[in-house]
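Colleague: I would like to go through the side-chain contacts and the backbone of this model with you. Could we begin once the structure is on the screen?

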Amino acid sequence: MRKTSAVLATLSLAALALTGCSVTASSADASCDRTGHANGIGDAVTVDGEVGSTPDVDIFSPLRLTETSFTDAVTGDGRRIVDDAQPIIVQLSIYSGETGEKVFATSYDSDSTRASSIESWASQAPGLADVLECATAGSRVVAGLTPDDFGAANLKGFGMAEDDVAVFVVDVVDAFHPSAEGSLQFNDAQGMPTVVRAPDGTPGVIIPDSAAPKKQVVQTLILGDGEKVTKDDSPLVHFTAVGWDDKKVIQSSWGQQAVDQMAQIAPPVAEALVGHPVGSQVLVVLPKTENSVAMAVVVDILGIAPSAAP
């Protein structure tokens, strides 16, 4: 998860403004037309049951497709997926288009479900990138993936023919913030780092030339309006940690999977997040100790993980 300090040089810099302004995730709504990809898949596959529960699926098999197709059998009114790395909660079932038989299903158990992303699903089945793009939380998507978009290894692994179509029923149970969203906060403490952001929310941290504080400092940079983190929660976050003295990025989760293990990675930072609402961006400055260097950690609170990491 290590990144070099080059991330600071590539950011499109936009310094924090005064209280009263707001920061929101970029919206893909204008380009989110999900109506032109069905190609009859909704007529060939019927689905019953509540979103988030095991579906009752009927497929008019054998199903043949020349291109990957999808339709929203249920359109949710939750947050839209606007970024490939945005954390989402998904439950899905996979069926053979040839036989109509189920070949795989997730647990449909919210207590054991971890957050994923479009990137993580597309790395397993490339066609899911188009299927999930712009979907909204609460949606149930019916999709048929061509052999190329499902992958030869998957077809073999699930005992499907090499020319079979993989039928997916995908429930987008939840979609979290892609980055901090809320009101920018004014902080007048002297000698603190300046945080700037790229258009996708990726932060850059500019460390001042002054000495690091002797005690931990916590500042709210963006105030979200979601539920507040409690000591028993596992907040789902993106973070960037920068060394105070060498001004280099020590560790960052941006561009990768969001993190729900901050309590294991940096316990003092996890403790500092308690009481902050989801959607917030928090700066935590940790002083030098016998075992660690002084550092500034910027944390975007994207949501509350559905369960603690095992």
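Modeller: What follows covers the conventions, the salt bridges, the aromatic rings, a charged patch and some backbone details.

Colleague: What kind of model is this, and which residues count for local features?

Modeller: This is a predicted model, in which local features need pLDDT of at least 70, side-chain atom pairs count only at pLDDT 80 or more, and totals for chains, interfaces and linings use all residues. Residues are numbered from 1 along each chain as its sequence is written, and side-chain values use heavy atoms, with hydrogens and water left out.

Colleague: How many salt bridges are there?

Modeller: The count comes to 6 salt bridges, where a salt bridge is a side-chain nitrogen of Lys or Arg within 4 Å of a carboxyl oxygen of Asp or Glu. In general, side chains of opposite charge can pair when their charged atoms come close.

Colleague: What is the N to O distance for D171 and R140?

Modeller: The side chains of D171 and R140 meet in a salt bridge at 2.7 Å, N to O. This pair links distant parts of the chain, with D171 in strand β8 and R140 in strand β7 (residues 139-145), 31 residues apart. Strands (E, at least two residues) and helices (H or I, at least four) are DSSP runs, numbered from the N terminus.

Colleague: Are those two buried or exposed?

Modeller: D171 is buried because its relative accessible area is 0%, and R140 is buried with 2%. Buried means under 20% relative accessible area, exposed over 50%, and partly exposed in between, with a 1.4 Å probe and protein chains only.

Colleague: And where do R64 and E98 lie?

Modeller: R64 is in the loop between β3 (56-59) and β4 (69-74), while E98 is in the loop between β5 (88-96) and β6, so to speak two distant parts of the chain, 34 residues apart. Their side chains meet in a salt bridge of 2.6 Å, N to O. R64 counts as partly exposed at 48% relative accessibility, and E98 also counts as partly exposed, at 31%.

Colleague: Which residue pairs with K231?

Modeller: D232 does, in a salt bridge with an N to O distance of 3.5 Å. Both D232 and K231 are exposed.

Colleague: Let us turn to the rings. How many aromatic pairs does the structure hold?

Modeller: It holds 3 aromatic pairs. Rings of Phe, Tyr and Trp (its six-membered ring) pair if their centres lie within 6.5 Å; planes under 30 degrees apart count as stacked, over 60 as edge-to-face and the rest as tilted. In one of the pairs, F104 and F158 have ring centres 5.9 Å apart and planes at 45°, so the pair is tilted.

Colleague: Where do F104 and F158 lie in the chain?

Modeller: F104 lies in strand β6 (residues 102-105) and F158 in the loop between α6 (152-157) and β8 (166-175), so the pair ties together parts that are 54 residues apart in sequence. F104 is partly exposed at 33% relative accessibility, and F158 is partly exposed at 28%.

Colleague: Why is the pair of F150 and F158 stacked?

Modeller: The ring centres of F150 and F158 are 6.0 Å apart and the planes are at 15°, so this pair is stacked. F150 counts as buried, at 2% relative accessibility. Ring pairs link F104, F150, F158 and F168 into a cluster.

Colleague: Which residues gather in the patch of negative charge?

Modeller: D84, E119, D130 and E133 gather in that patch on the surface. Patches are made of residues with over 30% relative accessible area and no salt bridge, with like charges joined within 9 Å. One of the members, E119, is found in helix α3 (residues 118-122) and counts as partly exposed at 38% relative accessibility.

Colleague: Now the backbone. Where is the cis peptide bond?

Modeller: The cis peptide bond joins S61 and P62, with omega about 0°. P62 lies in the loop between β3 and β4.

Colleague: What is the phi of N39?

Modeller: N39 has a positive phi of about 50° although it is not a glycine. N39 is found in the loop between β1 (22-23) and α2 (41-44). K247 has a positive phi of about 60° and is not a glycine either; K247 lies in the loop between β13 (235-243) and β14 (249-252).

Terms used:
Patches are made of residues with over 30% relative accessible area and no salt bridge: like charges are joined within 9 Å, nonpolar side chains (Val, Leu, Ile, Met, Phe, Trp, Tyr) within 5 Å. Accessible areas come from the Shrake-Rupley method with a 1.4 Å probe; for residues, only the protein chains shown count as cover. Lys and Arg count as positive and Asp and Glu as negative; His and the chain ends are not counted. The place of a charge is taken as NZ of Lys, CZ of Arg, CG of Asp or CD of Glu.
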